[in-house]
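Biologist: I am new to this structure and would be grateful for a close look at a single part of it. Please begin with the confidence of the model and then describe one residue and its surroundings.

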Amino acid sequence: MESIGDILSKRPEVKGNLQSLMVEVMKNQDVQAFIKEHEMTEDQIQRSYSKFYEYVKELEKIQNKQERMMDGYQPVLIMNHDYADVSYETTEELAERQKIERVRRRVNVIGLPKTYRDITLEDVSSEDSKRLELIQSIVKFASEPTKEKGLYLYGNFGVGKSYIMAAMANELAQKGISTTLLHYPTFISDIDFNNAREVVNDIKKAPVLVLDDIGAEMNNAWVRDSILQVILQYRMQEDLPTFFTSNLSMNELEGHLAETKNTEDIWPAKRVMERVRYLAKEVRLEGNNKRHD
């Protein structure tokens, strides 16, 4: 920000107008109120001229929507020992943008559209009593996430299971709670023996976890026992809220988990499903395929 001294050194012809320039600056109501509030002496006022000038000029730029070095911040007059100074505070617009961004960062989306960060419960259709009941359950969970059990939401393709979970994540984000929305088949396809430990350790500790589209992955014994079982075991021990979406019922998912390349692993699948049933309540979601609407 140019001070009066800077202007005079660059433009000597302005010197003659300095007095009229400061007369205009001193007419500013904020400047007058500041002088009165702090009972400033004439000497203090004169030593504050450059700061009063800076304050007024920055306000003018804001009002005229001009580009500024401190875009997003507004000037505020403060006393600095025996003269006025200018501090900069966040504007309401920037504060609101920062708030929105903080909320969006609490929704961690992996393998799903980034637009899921912006879905709210208001966007979810409550076209029938069952769906309305589900929304009410989610609102209740968001109010008391440490007391309510997660949901195992299953149903046909495109009925809005993932969409509803994204809305829940946004609702939780508004309350300062982070959620990881994880498309499970994509997650499994990207994981290998080299990165499994690090990735699983990160995922299993999410404050709220949604395993989306479980049962659609290519299952094998390693995925079931070294990935899924490890995640669910940790979350069961730590009592961390866990949600699932699937096209399969819990019983159907158990059958899917039992099918491996070489044999049907019934008991390992049952062990995994014990943890799923401990963590979540099974709810069927009815509806039309909204992807084709």
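Modeller: Within the chain, strand β6 (residues 208-212) has the highest confidence, at 97, and helix α1 (residues 4-10) the lowest, at a mean of 53; pLDDT is the predictor's confidence in each residue, from 0 to 100. Helices (H or I, at least four residues) and strands (E, at least two) are DSSP runs, numbered from the N terminus. Where pLDDT is low, the predicted coordinates should not be read in detail. The average pLDDT of the chain is 86, and 91% of the residues score at least 70.

The model is predicted, so local features need pLDDT of at least 70 and side-chain atom pairs count only at pLDDT 80 or more, while totals for chains, interfaces and linings use all residues. Residues are numbered from 1 along each chain as its sequence is written, and side-chain values use heavy atoms, with hydrogens and water left out.

S246 is buried, because its relative accessibility is 1% (buried means under 20% relative accessible area, exposed over 50%, partly exposed in between, with a 1.4 Å probe and protein chains only). The side chains of S246 and Y152 form a polar contact at 3.5 Å; such a contact is a pair of N or O atoms within 3.5 Å, and within protein one must be able to donate a hydrogen and the other to accept it, residues adjacent in sequence counting only if both atoms are side-chain atoms. A polar atom of the S246 side chain also lies 2.9 Å from the backbone nitrogen of L248. Apart from neighbours within four places in sequence, S246 is in contact (heavy atoms within 4.5 Å) with Y152, L153, Y154, G155, K161 and I214.
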